[in-house]
Amino acid sequence: MNDYKNVYIISYKNNGSWPDVLDLSMKRFKKQGFKTKTIEGYNLKKHPEIARNHVVYLNLVDKVLPYIKKQNIKDGFLLAEDDAYVSDIVTPEFL
């Protein structure tokens, strides 16, 4: 099953709140016809052992892939970071 109508957005909470940029990204994806699902990734302030240049990879391996496996998605999915702002041409139909 593919899941191109949903976009999975990796973000993190700071003091229990999502960053403001996440809301902007979600609104843009929804305007383009996607549904959004936020996956909570690592907050570097809470995990100082994680290097800045490793956090994206670790979020994918530790957070996103286990979630996708639970959803039984095998043929593809769209993943974005919380500061993504997609072009006008990017829609579920385009994918």
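Visitor: Among contacts in the chain between residues at least 6 apart in sequence, what share joins residues at least 24 apart?

Guide: The share is 74%, where a contact means heavy atoms within 4.5 Å. This is a predicted model, in which local features need pLDDT of at least 70 and side-chain atom pairs count only at pLDDT 80 or more, while totals for chains, interfaces and linings use all residues. Residues are numbered from 1 along each chain as its sequence is written, and side-chain values use heavy atoms, with hydrogens and water left out.

Visitor: What makes up the pattern of the chain, read along the sequence?

Guide: The pattern is β-α-β-α-β, with 2 helices and 3 strands in the chain; these are DSSP runs numbered from the N terminus, helices being H or I of at least four residues and strands E of at least two.

Visitor: How do you know whether the radius of gyration agrees with that of a compact globule?

Guide: The globule rule is 2.2 Å times the number of residues to the power 0.38, with the radius taken over C-alpha atoms. For 95 residues a compact globule would have a radius near 12 Å, and the chain has 14 Å, which agrees.

Visitor: Why is Leu95 called partly exposed?

Guide: Buried means under 20% relative accessible area and exposed over 50%, with partly exposed in between (1.4 Å probe, protein chains only); Leu95 has 42% relative accessibility, so Leu95 counts as partly exposed. Buried residues make up 36% of the 95 residues in the chain.

Visitor: Where does Leu95 lie, and which residues does Leu95 touch, not counting those up to four places away in sequence?

Guide: Leu95 lies in the segment after strand E3 (77–81), and with that exclusion Leu95 touches Tyr4, Phe34 and Leu78. Leu95 and Lys5 are 90 residues apart in sequence, yet their C-alpha atoms are 8.9 Å apart in space.

Visitor: What makes a set of grid points a pocket, and what volume does the largest pocket have?

Guide: On a 1 Å grid over the protein atoms alone, a pocket is an open set of points where a 1.4 Å probe fits, with protein on both sides within 12 Å along at least five of seven lines. The largest pocket has a volume of about 360 Å³, a volume being the space filled by probe spheres set on the points. Of its 15 lining residues, the closest to the centre are Tyr12, Tyr42, Leu44, Arg52 and Val55; a lining residue has an atom within 4 Å of a point.

Visitor: Which element supplies the largest share of that lining?

Guide: Helix H2 does, with 3 residues; strand E1 (3–11) and helix H2 (55–70) each supply at least two.
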